[in-house]
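Dear colleague,

Please have it open while you read.

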Amino acid sequence: MLEQRAELEVSHNDRDPGRTRSPGVSGKALALAVRIYSTISDCWTLTKPEVNFLIALTTFTGFYLGQTHQRGHFPFSLLACTLLGTLLVASGTAALNQYIERRFDAQMRRTARRPLATRRLRASFGLTFGLILAGAGIAFLADKVSLLASALALFTLTSYLLIYTPLKRKSPACTLIGAIPGAMPPLIGWAGVSGHPSSEAWILFGILFLWQFPHFMAIAWMYRDDYQRAGYRVLPAAGRRCAYINWMIVLPFVVLIPLTLFPAFSGHAGAMYALGALVAGSIFFYHGSALALHKSNQHARRLLFASIAYLPVVFALLIARSR
């Protein structure tokens, strides 16, 4: 009886051998799918998509406002090429920055889970990935947009990686230097559609340049212990830290708010733009002043959120007044 049962089981397995192996095969396929998804997710993280959103917004604003001085229909294909090339360079720059700082990122709670810091991705992969993205973006801008847009993107990449990134470990002046490549996207967008930045393009550059100081001071205060642990000197010594943050928050506002109102003063925008820009600037300034007067993570976080909201509002108002 047992022999007959064994023969039946053997014959059943012979007739359908795939059924006995299917759990193992499906398990391997699932593991492979999870690994592919994890790698794609890590590559996406390397590009810093949350930063790229603001880069895309500011590049688009420069392109759109620059196009208003051109004749003909709106060049949607050129806009797509400008945005794609700029985002490729920005993504490559982000990946290369994380490659350079991977050992320091591992020492900070805020960045310790990044793919290169945790070694989920090999350092050589991050380097290759960043070089391919950045190189492709620069070449794409030169071929499909303009040589000037490509040159501005190349300047942004090199100044960020070769000057700002190492300076973070040497001097708080890194914030001033880093704000220059950080303000380049509107110029790239403007150059992409018009061929040369005008005075209006430099106003966009100035707005974005000044905006970065209170924005980064909020981040620097919230993660001051992290930065110190990793050896970054983005803030001065404790005795001068509060005064430094106060100056870096308040002083840029003295220029930023009047600069955003300049289009209204010069007759290029109406009362609605002026009112919107003034309200947005007042809210931003209020949260900056709160951190300057009372140092706390809560005030810093509110200033950070206010800064993230301020930039899209002002740039949207600039776009609306040009229509």
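Is the crossing of H7 and H8 left-handed or right-handed? In this predicted model, the crossing of these two helices is left-handed. Their axes cross at roughly 165° and come within 9 Å, and because that angle is over 145°, H7 counts as roughly antiparallel to H8. On the H7 side the contact is made by Phe155, Thr156, Ser159, Tyr160, Ile163, Tyr164 and Leu167, which meet Cys174, Ile177, Gly178, Ile180 and Pro181 in H8. Sorted by type, the residues of this contact are nine nonpolar and three polar, with no charged residue.

Helix H8 (residues 174–182) has Cys174, Thr175, Gly178, Ala179 and Pro181 buried; they cover an arc of only 160° around the axis and therefore lie on the same side of H8. The buried residues of H8 pack against H7, and also against helix H9 (185–194), helix H10 (199–222) and helix H12 (238–265).

Helix H7 (residues 147–167) also packs with helix H4 (residues 76–100), at an angle of about 15° and with the axes 10 Å apart, so H4 and H7 are roughly parallel to each other. The crossing of H4 and H7 is right-handed. Here Val89, Thr93, Leu96, Asn97 and Ile100 in H4 meet Ala153, Leu157, Tyr160, Leu161 and Thr165 in H7, and the residues of this contact comprise seven nonpolar, three polar and no charged. Tyr160 of H7 is listed in the contact with H4 and is listed in the contact with H8 as well.

Technical notes. Residues numbered from 1 in each chain as written. Predicted model: local features only at pLDDT ≥ 70, side-chain atom pairs only at ≥ 80, totals over all residues. Heavy atoms only, no water. Axes fitted to C-alpha atoms, helices over the stretch in contact; angles between N-to-C directions. Helix = DSSP H or I, 4+ residues; strand = E, 2+ residues; numbered from the N terminus. Parallel < 35°, antiparallel > 145°, perpendicular 65-115°, else oblique. Left-handed = near helix turned anticlockwise from the far one by under 90°. Contact = heavy atoms within 4.5 Å. Nonpolar A, V, L, I, M, F, W, Y, C, P; charged D, E, K, R; others polar. Buried < 20%, exposed > 50% of the residue type's maximum accessible area, 1.4 Å probe, protein only. Arc of directions from axis to C-beta.
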